[in-house]
Amino acid sequence: MKVSTFFKLAKFGVKTVFFKKQDPILGTVILTDKCNLKCKHCSVNNITSVIYPFDQIEKDMQRLFDMGVRILFFCGGETFIWKDGPYTIKDLVHKAKQMGFLIVNVVTNGTFRIDLPEADLILLSVDGDKEHHNAIRGDTYDVIMKNIEEATSDNICFYMAINQLNKDTIADVCAKAQEMKNVRAVSFNFHTPYPETEELALTKEDKRNCCGVISRMIKNKVPVFNLRSAFPYLIENRFPTPCRQCLVIENGKISVCGRCIDVPGLCDNCGYFFVAEYTLLFKGKIRIIADMLRTYLKYV
Ligand SMILES: C[S@@+](CC[C@H](N)C(=O)[O-])C[C@H]1O[C@@H](n2cnc3c(N)ncnc32)[C@H](O)[C@@H]1O
Ligand code: SF4
Ligand code: SF4
């Protein structure tokens, strides 16, 4: 991370904590819900299959920027499917940087060729060892690993959604990350039980075990892009929700925190680590602040 970026984000943090402000800093633009996969745990793919045009995405980015967002994620559906005439995801990352976003990340399923050195991080979903990943994501593991090996940059971070099907494969994902030269870190979420995926939800005991394994990984020097200090809150779902500093925009419609904000009761069972990490950070929890500084300076 550039020193200037660090100081801008630190200034925002100090203002938010000391003056209890709720201004947004992190935003996600949904490019499409179209996807080439149909993962077992996912409720947001291929609902309309509309790919939003470049002009709409540009307007969405500008709105977030004008509201104060400086950390931007592109998400879907599948982001690497996004195209409008000559424009691809690469042009969107360029545009976002040009607009002034400080950190620009892209979330992808990794099934397409990866040539995106412009992104700060490519969060690439890997949901277990080959057997469990393929059980969740179809027969995609080998092609994803080949794409990672042939990627033109080393800004890839594995992104694992832990659920009932893959909860015992955390160490395998970490080992694979350590083995691959283009993978910088691993980041985790717990399954968020959207309607019709409730059976994949983890119990409190499962979450405790998973956090134990992840903590061991951190101790063993696995690059984990999460805050260990947030684990006790994640295990008990004891963090404030929703995240007021996080926005999502899809085709001009803005939601606070996630697209899931309207699903009754879901926030009480939220599994997204970023929600716990950011809400606790902005509550001024000292251990979270220290952990966040260490982690972001290391991996972004
Ligand atoms: C919706 S996908 C979109 C980007 C891309 N298609 C991908 O799979 O990475 C973004 C991330 O959300 C995760 N995800 C999907 N459903 C989830 C759920 N119910 N709980 C937690 N994470 C979930 C996916 O595993 C993926 O890492
Ligand atoms: S690849 Fe991503 S968007 Fe597509 S079904 Fe899987 S999790 Fe959902
Ligand atoms: S807190 Fe609620 S709106 Fe935010 S990501 Fe979690 S479930 Fe979605």
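**Ligand shells, sheet and helix packing in a predicted model**

Around ligand 1 there are 19 residues, and those that come nearest are Val107, Asn109, Ser125, Ala161 and Thr192. The structure is a predicted model. Two strands, β5 (103-108) and β7 (156-162), each contribute at least two residues to the shell around ligand 1. By class, this shell has eight nonpolar residues, 10 polar residues and one charged residue.

Ligand 3 is surrounded by 13 residues. The closest are Cys257, Gly258, Cys260, Cys267 and Cys270. The shell around ligand 3 has 10 nonpolar residues and three polar residues. No charged residue belongs to the shell around ligand 3.

The sheet comes next. Eight strands form an open sheet in the order β8-β7-β6-β5-β2-β1-β9-β10. Its pairing is mixed. The edges are taken by β8 (183-190) and β10 (253-256). Each of these has a single partner strand, so one side of each is left without a neighbour in the sheet. On average, neighbouring strands of this sheet are turned by 25 degrees against each other, with direction ignored.

Strand β1 (residues 26-30) pairs with strand β9 (residues 246-250) in the parallel sense. Five bridges make up this pairing. Within it, Gly27 stands opposite Leu247 of β9. The other pairing, of β9 with β10, is antiparallel and has four bridges. Here Glu250 has Lys253 in β10 as its bridge partner. The hairpin of β9 and β10 has two residues between the strands. In that hairpin, Asn251 takes a positive phi near 50 degrees.

Two helix pairs were examined. Two packed helices are described by the angle between their axes and the distance between the axes. Helix α2 (residues 54-66) packs with helix α3 (residues 89-99) at an angle of about 30 degrees. Their axes are 11 Å apart. Angles under 35 degrees count as roughly parallel, and α2 and α3 are therefore roughly parallel to each other. The crossing of α2 and α3 is right-handed. On the α2 side, the contact is made by Ile57, Glu58, Met61, Gln62 and Phe65. On the α3 side, Leu92, Lys95, Ala96 and Met99 take part. By class, the contact of α2 with α3 has six nonpolar residues, one polar residue and two charged residues.

Helix α3 also packs on the sheet, where it touches β2 (71-75) and β5. The direction of α3 makes about 160 degrees with that of β5.

The axes of helix α9 (residues 273-282) and helix α10 (residues 286-299) come within 8 Å. They cross at roughly 120 degrees, which makes α9 oblique to α10. This crossing is left-handed. Glu277, Leu280 and Leu281 of α9 make the contact with Ile288, Ile289 and Met292 of α10. By class, the contact of α9 with α10 has five nonpolar residues and one charged residue, with no polar residues.

Technical notes. Residues numbered from 1 in each chain as written. Chains lettered and ligands numbered in written order. Predicted model: local features only at pLDDT ≥ 70, side-chain atom pairs only at ≥ 80, totals over all residues. Near = placed C-beta within 6 Å. Nonpolar A, V, L, I, M, F, W, Y, C, P; charged D, E, K, R; others polar. Axes fitted to C-alpha atoms, helices over the stretch in contact; angles between N-to-C directions. Parallel < 35°, antiparallel > 145°, perpendicular 65-115°, else oblique. Left-handed = near helix turned anticlockwise from the far one by under 90°. Contact = placed C-beta atoms within 7 Å. Pairing = 2+ DSSP bridges.
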